[in-house]
Amino acid sequence: MARNRFFCIDGHTCGNPVRVVTRGAPGLDGTTMLERRAHFLADYDWIRTGLMFEPRGHDMMSGAILYPSTRDDCDIAFLFIETSGCLPMCGHGTIGTVTMAIENGLVNPREPGVLAIDTPAGRIVARYRLEGRKVTEVRLTNVPAFLHSTGIQTHCEGLGDITVDVAYGGNFYAIVDPQENFKDMADFTAADLVRMSPGLRDRLNAENSFAHPEKPEIKGLSHILWTGAPTKPEAHARNAVFYGDKAIDRSPCGTGTSARMAQWAAKGHLKPGDDFVHESIIGSLFHGHVEATAEVGGKPAIIPSIAGWAVETGLNTITIDDEEDPFAHGFVV
Ligand code: PYC
């Protein structure tokens, strides 16, 4: 394989990293982004591990590769790459990738200010505000989000017995709300949450099955969403989302916010037209909105939209050479 070069634009969305691969990635087979994702995972996962893990990335690294759309109704396709794999959908990744693609002239939207994106989870519409050459806000309208199950009783090492809800917002989330053995994420350090999360996720996946009723390829609980009281006056709630092996999202997490809005809507706390402002572990905010109701596999769902901002931090030409570097494909400690 030897020397491969990837041209990337690095940035962050509300604090969480986004590495956008603009050139160097292979063409992929498939008539949908779910099929292309399967081809990438089968033949090219070394690109993801090389670009996301140490020594070229880190525990929180996350990004997207730009592809031509597989659908007539989209301007571009995103393949999300993360330390956790290739997520079907990534909200902070979408906000960052749209920002960098527009600011760098990498895509020509058919309608000014609107980018339709083909993702493995489905079609996403991003509306962006452009001031001069800077994208100052992106609002993405997500795939339908729904509450999958409520009141799942389980055990979490470090907490004891707990009860969680599981909701889908582009990925499946276990939502840990305040209860007897867990009062607020503020009572824990990020390291505590990272220590407790993998075991909880493994146990929930072993004892339950989580699959999208209309897209069976999307399955498995990948994220834990720890909740807490907001510290910002404009926020409705705070969260810390665990993903991958060791990551806590620094942004308020777009798909996590969508999942939580679906949970709140199913419980009667949100309705179409309502806003939901979510605060991250570092105090950054996503502005959610319930656009409409929907249905997924016979379950009530909502169409959430999420707004946030992103900035570019630099251009990065990354070399992966597996003849020269024993750690070319990354490592986890
Ligand atoms: O923003 O959807 C998101 C996300 C998923 C994992 C990290 N961020």
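This is a predicted model: local features need pLDDT of at least 70, side-chain atom pairs count only at pLDDT 80 or more; totals for chains, interfaces and linings use all residues.

1. Which residues surround the ligand? The shell consists of Leu87, Cys90, Gly91, His92, Tyr173, His223, Tyr243, Asp249, Cys253, Gly254 and Thr255. By class, 5 of these shell residues are nonpolar, 5 are polar and 1 is charged.

2. A backbone N or O atom of histidine 92 is 2.7 Å from an oxygen atom of the ligand. The side chain of threonine 255 also places an N or O atom 2.7 Å from a ligand oxygen. With aspartate 249, a side-chain N or O atom lies 2.7 Å from a nitrogen atom of the ligand.

3. How much of the ligand's accessible area does the protein cover? On its own the ligand has 250 Å² of accessible area, and the protein covers 100% of that. The ligand sits in the largest cavity.

4. As for where the shell comes from, α3 (91–103) and α5 (254–266) are the elements that each give two or more residues to it. Both domain 1 (3–141 + 311–321) and domain 2 (145–297) supply at least three residues to the shell.

5. Turning to the backbone, please check the peptide bond from glutamate 54 to proline 55, which is cis with omega near 5 degrees. Proline 55 belongs to the loop between α2 (45–52) and β3 (62–67).

6. Cysteine 14 also deserves a glance: its phi is positive, about 50 degrees, although the residue is not a glycine. You will find cysteine 14 in the loop that links β1 (3–13) and β2 (16–23).

Technical notes:
Residues are numbered from 1 along each chain as its sequence is written. Side-chain values use heavy atoms; hydrogens and water are left out. A residue is near a molecule or strand if one of its heavy atoms lies within 4 Å of it. A polar contact is a pair of N or O atoms within 3.5 Å; within protein, one must be able to donate a hydrogen and the other to accept it, and residues adjacent in sequence count only if both atoms are side-chain atoms. Accessible areas come from the Shrake-Rupley method with a 1.4 Å probe; for residues, only the protein chains shown count as cover. On a 1 Å grid over the protein atoms alone, a cavity is a set of points where a 1.4 Å probe fits but cannot get out, and a pocket is an open set with protein on both sides within 12 Å along at least five of seven lines; lining residues have an atom within 4 Å of a point. A molecule sits in a cavity or pocket if more than half of its atoms lie within 2 Å of its grid points. Helices (H or I, at least four residues) and strands (E, at least two) are DSSP runs, numbered from the N terminus. Ala, Val, Leu, Ile, Met, Phe, Trp, Tyr, Cys and Pro count as nonpolar, Asp, Glu, Lys and Arg as charged, and the others, Gly among them, as polar. Domain bounds come from an automatic or database domain assignment.
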